[in-house]
Amino acid sequence: MTAPHARYRRAVAIPAGMAVATALAFLPNTTATAADEAPAAVTADATPLSYVVNVKPGHGTSAYVKKAVGKAGGTIVTSYDQIGVIVVHSSNADFAKTIRKVRGVQSAGATRTAPLPTAVTADLGTPKVLSAAEVARAEAPAGQDPLEPQQWDLPAIKADKAHEKSLGSSKVTVAVIDTGVDDTHPDIAPNFDRGASVNCVSGKPDTADGAWRPGASESPHGTHVAGEIAAAKNGVGMTGVAPGVKVSGIKVSNPDGFFYTEAVVCGFVWAAEHGVDVTNNSYYTDPWYFNCKNDPDQKALLDAVTRASRYAEKKGAVNVAAAGNENYDLAADEITDPSSPNDTTPGERVVDPSECLDIPTQLPGVVTVASTGAKGLKSSFSNYGLGVADIAAPGGDSTAYQKPEPPATSGLILGTLPGGKWGYMAGTSMASPHVAGVAALIKSTHPYASPALVKALLYAQADAKACTDPYDIDVDGKIDAVCEGAKNRNGFYGWGIADALDAVTK
């Protein structure tokens with residue numbers, strides 16, 4: 001079975017007639033900021049685009065490169081000197097080709113194929129929202145939040161047992177690099193870290209109060225993720241994996257729902273410089289699902305995000321990312337990508353995933369998370385791959401494929417939604433925050449642990465799970481995916497299922 005190709009990483013299409021899954025659209029509220037000076041060499045019908053120009057880090061942008069950017073028809077929006085990434089806007093179609101020839105420029109490329117700002121919005125669907133009556137009827141045993149009995153995912157990673165020992169430390173912050181977080185939600189407000197929150201949509205930090213929040217018409221995705229990680233254990237709603245840690249919102253998706261390179265770079269750098277311990281990345285960097293090293297534009301995007309994610313880790317952050325929802329084997333010799341570029345007209349191409357990387361998912365040092373359903377099996381949609389998938393955690397699946405034990409009723413993952421609501425979503429987007437939460441618990445237990453040690457403990461403490469063989473999740477007699485590897489490390493589950501209890505006791 002091959003999962004449908006969604007426009008976004010963040011969307012999962014469960015087959016028609018099955019339980020509702022989430023199609024997650026991203027419609028944040030600010031476009032890329034116009035620069036102060038009008039670029040040179042602009043033609044009447046030119047298309048304004050955004051670019052990253054990568055230079056040697058640590059020495060500031062040289063006057064020579066700055067002058068060359070202007071001469072090539074570009075205007076500098078901002079410069080991250082600490083990693084050598086410059087964000088530029090230009091309407092010169094030859095800007096990248098020209099600037100790559102400049103002394104000191106290591107790579108450069110357009111971050112999109114659509115104009116600034118992009119012109120189309122499309123909502124792919126909405127989460128399954130719990131009604132006020134359903135919330136009011138919710139009952140839980142003593143010591144649990146009202147909706148916790150619906151959270152089959154917590155016992156799946158022993159988070160319920162972990163909470164008897166520790167809820168995590170308020171000195172630990174997990175940054176949700178996503179579509180924005182509604183910090184006014186009653187389950188998020190007690191644990192929200194405003195100082196580590198920002199809007200990075202333009203590629204330049206916007207620290208205005210509330211800039212990190214999604215608007216009324218925007219995606220609830222980031223808010224859902226934030227609740228999965230750190231919804232407070234406060235007698236209201238649900239409980240997060242690490243309900244005692246802090247969570248911040250770093251908003252990086254533009255009005256049309258695209259996670260462009262300049263915004264992602266800004267997000268990682270912001271996290272690096274604001275004391276963040278863990279970042280959660282439930283997206284891929286648009287517009288290319290895979291960024292090929294032999295394409296000069298895509299190579300520049302790969303370079304820029306690699307620099308930014310490595311900088312965040314160097315500064316103390318563990319970077320956790322979703323594996324993706326296309327049922328791809330990311331360790332295969334080749335993959336057919338029909339969805340790139342997704343901001344204009346995609347064309348089918350065959351890529352080698354060892355040379356064309358899904359970013360940040362496949363970047364060095366990033367914890368890549370595969371998804372499991374209520375029966376503990378690989379979710380029907382989850383990407384996988386021996387040596388690529390590092391660890392697995394609950395991300396949900398169709399109830400027809402993996403039905404939870406009562407009293408839980410949905411095979412999807414419960415989370416917080418803007419406006420003080422709760423609802424269900426599914427995807428590796430939902431698996432990744434479970435691992436981010438467990439990493440936060442490890443950091444709480446071992447406050448002086450480096451990112452490398454936190455990752456080592458995360459993998460060592462995971463519950464080994466053997467390959468599901470044969471894997472016929474829809475029981476139609478056809479093999480839906482092939483798992484390779486041993487019980488303690490394989491393509492479906494990596495080192496195993498994340499273990500929250502070990503995180504607080506070992």
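Predicted model: local features only at pLDDT ≥ 70, side-chain atom pairs only at ≥ 80, totals over all residues.
**Entry 1: terms and model**

**Entry 2: helix 9 and helix 10**

I looked up how helix 9 and helix 10 meet. Helix 9 covers residues 428–445 and helix 10 covers residues 451–461. Their packing angle is about 115°, and the axes lie 10 Å apart. I count angles from 65 to 115 degrees as roughly perpendicular. Helix 9 and helix 10 are therefore roughly perpendicular to each other. The crossing of helix 9 with helix 10 is right-handed.

Which residues make the contact? From helix 9 I list V435, V438, A439, I442 and K443. From helix 10 I list V454, L457, L458 and Q461. Sorted by class, this contact has seven nonpolar residues, one polar and one charged.

**Entry 3: the buried side of helix 10**

I stayed with helix 10 and asked which of its residues are buried. I found P451, V454, K455, L457, L458, Y459 and Q461. What do these buried residues pack against? Three helices are on my list: helix 8 (296–314), helix 9 and helix 11 (500–505). Strand 11 (318–322), strand 15 (367–372) and strand 16 (391–394) are on it too.

**Entry 4: the whole chain**

I stepped back to the chain. I recorded 11 helices and 20 strands. The chain has 506 residues, and 60% of them count as buried.

**Entry 5: disulfides**

How many disulfides does the structure hold? I found three. With the bonded cysteines numbered in sequence order, they pair as 1-2, 3-4, 5-6. A reminder for myself: a disulfide is a covalent bond between the sulfur atoms of two cysteines.

I took C200 and C266 to begin with. Their disulfide has an S to S distance of 2.0 Å. The torsion about the S-S bond of C200 and C266 is about -65°, so this disulfide is left-handed. C200 sits in the loop between strand 7 (198–199) and helix 6 (221–230), while C266 belongs to helix 7 (residues 261–272), so the pair ties together parts that are 66 residues apart in sequence. Are these cysteines buried or exposed? C200 is buried, at 0% relative accessibility. C266 is buried as well, with a relative accessible area of 1%.

I went on to C292 and C356. Their sulfur atoms are 2.1 Å apart. The S-S torsion of C292 and C356 is about 110°, so that disulfide is right-handed. The pair links distant parts of the chain, 64 residues apart. C292 lies in strand 10 (residues 291–292), and C356 lies in strand 14 (residues 356–357). C292 counts as buried at 7% relative accessibility. C356 also counts as buried, at 7%.

I then turned to C467 and C483. Here the S to S distance is 2.2 Å. The torsion about the S-S bond of C467 and C483 is about -65°, so I note a left-handed disulfide. C467 and C483 both lie in the loop between helix 10 and strand 19 (485–486), 16 residues apart. C483, with a relative accessible area of 13%, is buried.

**Entry 6: S248**

Where is S248? I found it in strand 8 (residues 246–251). S248 has a relative accessible area of 0%, so S248 is buried. Which residues does S248 touch, leaving out those up to four places away in sequence? I list T173, V174, A175, V176, V181, F192, D193, A196 and S197. I also checked S248 against V176. They are 72 residues apart in sequence and 6.0 Å apart in space, C-alpha to C-alpha.

**Entry 7: F290**

F290 sits in the loop between strand 9 (278–281) and strand 10. F290 counts as buried, at 0% relative accessibility. I compared its position with Q362. F290 and Q362 are 72 residues apart in sequence, and their C-alpha atoms are 9.6 Å apart in space.

Notes:
Residues numbered from 1 in each chain as written. Heavy atoms only, no water. Axes fitted to C-alpha atoms, helices over the stretch in contact; angles between N-to-C directions. Helix = DSSP H or I, 4+ residues; strand = E, 2+ residues; numbered from the N terminus. Parallel < 35°, antiparallel > 145°, perpendicular 65-115°, else oblique. Left-handed = near helix turned anticlockwise from the far one by under 90°. Contact = heavy atoms within 4.5 Å. Nonpolar A, V, L, I, M, F, W, Y, C, P; charged D, E, K, R; others polar. Disulfide = S-S within 2.5 Å. Buried < 20%, exposed > 50% of the residue type's maximum accessible area, 1.4 Å probe, protein only.
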